[in-house]
Amino acid sequence: MHVADLGPLAVSDGEVTRAIPGLRTQTLLGRLLVEAPRWVSASALIEAVWAERAGTDRRPALDTLLWRVRGHLAGMSGQGSLVSTDGHYRLDLTDDQVDSARLLAAVPETGRLLDAGRPAAAAELAASVLALWRGDFLGSLGDQTWAEARGRALDEATERLHHLRWAALLQTGDLAAVLAETADWTVRHPLSEAAWALRIRAQLAAGRIPDALASYRAVRTHLVTELGTEPGEELRRLHRAVLQGDAPPPATTDPRPEVVAVAGPEPVLPWTDPLFLGRDVETARVLDLLDGHRLVTVAGSGGAGKTTLAVQVARRWAETAVGVVRFADLSFVGPGSVPDGPALASVIVSTLGLSTAGTGLDPLLRAVERHRTLLVLDNCEQVAATCAHLLAALLSRAPTVRVLLTSRVPLEVPGEALCRLAPLGDADAAVLLRRRLELAGVPRKHGDEAAVGAICAAVDNLPLGLDLAAARARTFDLIEVARSLTVEPERVVRAGPGPYRHRSLISAVDWSVRGLTSVQRILLGRLSAFDSPFDLPAAEQVCTGGAVRGGDVANLLAELVRQSLVVPAGPPGPGRSWFRLLVPVRAVARRELRRSGDLAVTTHRLDATLSAVLSARPRAVADGGWLDRFDLLWPTVRAALPRLTDDRPTRGALATAVCLLGVLRHRSAEALAVLDGIVASPAGAGDPVVAAATEVVRTYRADKWTVGGAPAAVSAARILVDAVPGPGHDQAFDAAEMAVLLAVAAWRCDAYSDADRVLEVTAPLITAVGDPALELAHRGIGHLNHLPADDPELFATSLAGARADHPRAVACGAELAAFLAEVTRAVAATIQGRPAEALAATGGQLGHFLAWGNRDLGDQLEQRAVLLAQTGRFAPAARFFGAAAAERARSGLGGESLGRYSDLAQDAARSTLGDGFAAEWSAGRSRGAALLTDPDPADSPVAPAS
């Protein structure tokens with residue numbers, strides 16, 4: 001009995017051929033054939049047959065169809081060809097019994113006959129197998145999703161068989177057949193270089209030199225016009241031989257397919273999305289790990305693309321290594337269904353479609369020990385413990401085996417190398433979504449960029465989420481898709497077939513959550529209170545209580561990280577780790593929190609934690625380390641704003657922190673919106689600290705070339721002093737900080753007289769509060785503000801005061817005051833015409849600038865560019881101008897802060913460097929702020945020795 005599937009499905013006993021009646025019966029048999037001899041789950045069969053109407057209620061109907069298939073096979077002497085176990089089914093057929101399998105197997109066999117010097121036999125075999133085609137693969141079923149990969153493989157194998165047959169006919173001298181068949185083939189496949197090369201060889205062998213040249217011109221025209229590329233090396237060598245009158249060179253491009261597993265059979269890998277973007281680093285890392293380790297695990301959350309990465313790695317490994325690749329998907333193996341390693345080994349062997357004869361590990365060892373083998377085990381998280389025991393035994397007994405696993409949890413066994421798969425980067429995610437939308441037939445519209453960004457953010461750049469969104473966009477507008485993913489992600493479900501864990505982002509997370517203990521579920525739910533990254537101290541404060549003991553939070557958190565439900569978010573500085581929940585995980589965790597009844601008490605603990613963070617801010621105008629932490633917690637703080645602004649001290653601390661975030665972290669527009677919202681609220685109306693903070697941000701981001709002074713800053717300072725009379729007031733310290741920042745903002749706008757008035761109005765408040773750091777900063781802005789005055793005595797006094805105050809500021813940790821002192825020194829040197837001294841001072845001011853918490857490096861970059869130009873170092877000056885432009889574009893702050901000084905310096909650099917200015921400028925733009933934070937020696941503020 002054999003199955004004819006290279007056309008409408010039929011079965012034959014060698015004498016009688018019968019078509020398979022009924023579309024559903026054909027679909028069921030076709031689905032089994034595509035996977036043969038691997039096992040197929042009942043749910044996969046139901047999805048193939050009933051598609052979107054699939055469900056558990058289809059099981060009786062499936063049993064009926066299976067009975068019919070068994071009857072058709074048994075009627076053709078195929079009794080026992082359909083076997084089943086534990087809800088899984090497979091066809092127990094050999095390659096010779098299935099036409100498509102015969103075709104795939106004929107490719108390497110034809111190649112072996114050619115290598116053995118038997119071209120006539122090779123041509124005869126290829127012709128006999130190619131004659132099996134009776135129409136489209138599986139007839140009308142060939143375009144089904146589950147059949148696409150097999151169909152593509154058959155198309156490739158068919159093309160390769162034609163190439164092998166023509167190569168064989170060339171060796172037998174049947175030039176007429178080659179010329180006739182390649183003439184038709186190259187018309188239908190004009191980009192097939194292998195076919196053109198064989199045609200040209202036949203033309204040369206027949207002495208038809210002009211025809212060979214015409215063929216080369218034709219294929220080159222097709223390649224250049226349609227692909228923008230020149231012919232490959234084989235065609236170019238043939239062309240050179242014709243032009244030089246030489247004999248045709250020996251073929252260097254074998255028309256036969258590359259044998260992926262040189263020492264064994266070609267690997268059968270699942271079809272994965274060809275849009276494999278943004279994973280070059282991870283692919284290279286896993287390949288490197290496989291070079292030095294025998295067990296490599298790709299771990300990550302559901303929907304991150306672990307299977308796709310593993311398949312790509314397996315293909316790359318097979319291209320460069322001499323060995324065999326074997327792939328087994330273990331997603332259908334439920335927890336507890338395999339009691340030990342030997343039982344799991346049997347499941348793997350069955351999944352691979354290999355002989356199960358023997359006991360224990362023997363069948364699996366037979367499959368892998370003869371060759372250098374890469375065993376890929378996909379979706380191992382449900383049997384991780386059993387898998388660990390199995391691989392410990394397997395790797396010890398089969399030294400030529402390497403294992404690549406995908407799992408949501410690492411195995412935690414000796415020798416395991418781990419690659420954690422994070423979501424895609426923003427740019428890669430946007431490109432991937434755009435490509436998926438194109439494939440889905442969604443037209444591109446003007447203004448879609450915002451919706452694309454919102455969708456990527458809503459699915460946390462997870463490839464599965466992007467796939468779901470693109471499918472959804474076939475029906476709904478992109479804005480609607482973004483809104484539904486943000487508001488109700490559980491309702492965005494994949495239509496059509498697919499495993500449950502990939503039907504939606506929520507189901508992908510449920511797949512992992514269902515294996516947690518009750519205490520782990522409670523902790524995960526409480527962590528969902530954070531809308532942003534969190535650190536361990538914050539997690540302990542918010543999550544401790546009831547079943548979760550404070551001392552257990554670290555261990556529980558570590559386990560959730562191991563399970564890929566909590567992911568590292570990257571520390572802002574040494575000694576503090578940060579974590580976060582991916583968007584779909586947070587949605588499921590919040591569902592768990594609501595179900596547990598802990599929502600109210602968890603929210604109360606969160607508010608207390610955030611208030612404690614605000615009250616713990618070092619009182620020195622700003623502190624880089626504290627501001628880093630607040631920056632990461634900011635989305636959580638913003639979500640809690642309505643609950644945090646009722647208490648006046650907390651409100652003042654919050655306004656100060658938001659102000660600093662706005663002016664030091666490129667968030668001025670967001671900070672203004674938040675502060676304006678607090679001012680408009682009943683609790684914040686009339687609060688002088690909030691009003692002052694708002695004016696600081698507004699003045700700081702103003703265009704100093706058009707603002708015409710900072711009178712509003714002066715008014716805000718007066719209101720501040722009137723409302724907060726002295727140190728006994730509960731907002732006195734916040735008011736004093738705002739006084740300093742108002743003066744800094746006015747000075748930054750070149751509103752020197754207004755800055756003086758702010759300093760004068762607020763001096764009594766600063767003195768009354770009595771904080772050394774604030775006094776030094778207040779005095780420091782005065783020194784800096786007085787330098788432009790046309791008064792030599794005041795200039796000298798200000799410079800001397802800044803020099804004296806700098807060591808005092810360093811001693812008491814007043815980074816803003818120390819920064820202002822160094823800026824004063826640099827500005828004074830510039831005014832006095834000593835740019836080299838000013839340039840040297842910029843190195844000292846940068847350290848204080850960063851320690852203060854400021855990340856707005858555009859001014860720093862531009863200042864150094866101007867000074868480099870003034871010292872005659874025009875190439876690094878051009879680089880710093882480019883870096884300043886990049887930093888301002890990143891921060892949203894446009895324009896040069898140094899105005900005509902910057903223009904003059906750039907003109908001088910352009911004049912000196914000529915065309916080289918643009919190249920240096922572009923090099924600086926590509927590096928951005930790294931020119932300051934990670935400088936090359938050529939960019940140092942100290943001139944290199946000549």
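Is the crossing of α16 and α17 left-handed or right-handed? Please keep in mind that this is a predicted model.

1. The answer to the opening question is that α16 and α17 cross in a right-handed sense. On the α16 side, Ala429, Ala430, Leu433 and Arg434 make the contact, and on the α17 side Asp448, Glu449, Val452, Ile455 and Cys456 do. Sorted by class, the residues of this contact are 6 nonpolar and 3 charged, with no polar ones.

2. Now the geometry of that pair. Helix α16 covers residues 426-439 and helix α17 covers residues 448-458; their axes come within 10 Å and cross at roughly 110°. Angles of 65 to 115 degrees count as roughly perpendicular, and therefore α16 is roughly perpendicular to α17.

3. The other pair is helix α34 (residues 772-786) with helix α35 (residues 792-811), whose axes lie 9 Å apart at an angle of about 150°. An angle over 145 degrees counts as roughly antiparallel, so α34 is roughly antiparallel to α35. The crossing of α34 and α35 is left-handed.

4. Which residues of α34 and α35 meet? From α34 they are Leu776, Arg779, His783 and His786, and from α35 they are Leu794, Ser798, Gly801, Ala802, Asp805, Arg808 and Ala809. The class count for the contact of α34 with α35 is 4 nonpolar, 4 polar and 3 charged residues.

Definitions and conventions. Residues are numbered from 1 along each chain as its sequence is written. This is a predicted model: local features need pLDDT of at least 70, side-chain atom pairs count only at pLDDT 80 or more; totals for chains, interfaces and linings use all residues. Side-chain values use heavy atoms; hydrogens and water are left out. Axes are lines fitted to C-alpha atoms, for helices over the stretch in contact, and angles run from 0 to 180 degrees between N-to-C directions. Helices (H or I, at least four residues) and strands (E, at least two) are DSSP runs, numbered from the N terminus. Angles under 35 degrees count as roughly parallel, over 145 as roughly antiparallel, 65 to 115 as roughly perpendicular and the rest as oblique. A crossing is left-handed if the near helix is turned anticlockwise from the far one by less than a right angle, and right-handed if clockwise. Contact means heavy atoms within 4.5 Å. Ala, Val, Leu, Ile, Met, Phe, Trp, Tyr, Cys and Pro count as nonpolar, Asp, Glu, Lys and Arg as charged, and the others, Gly among them, as polar.
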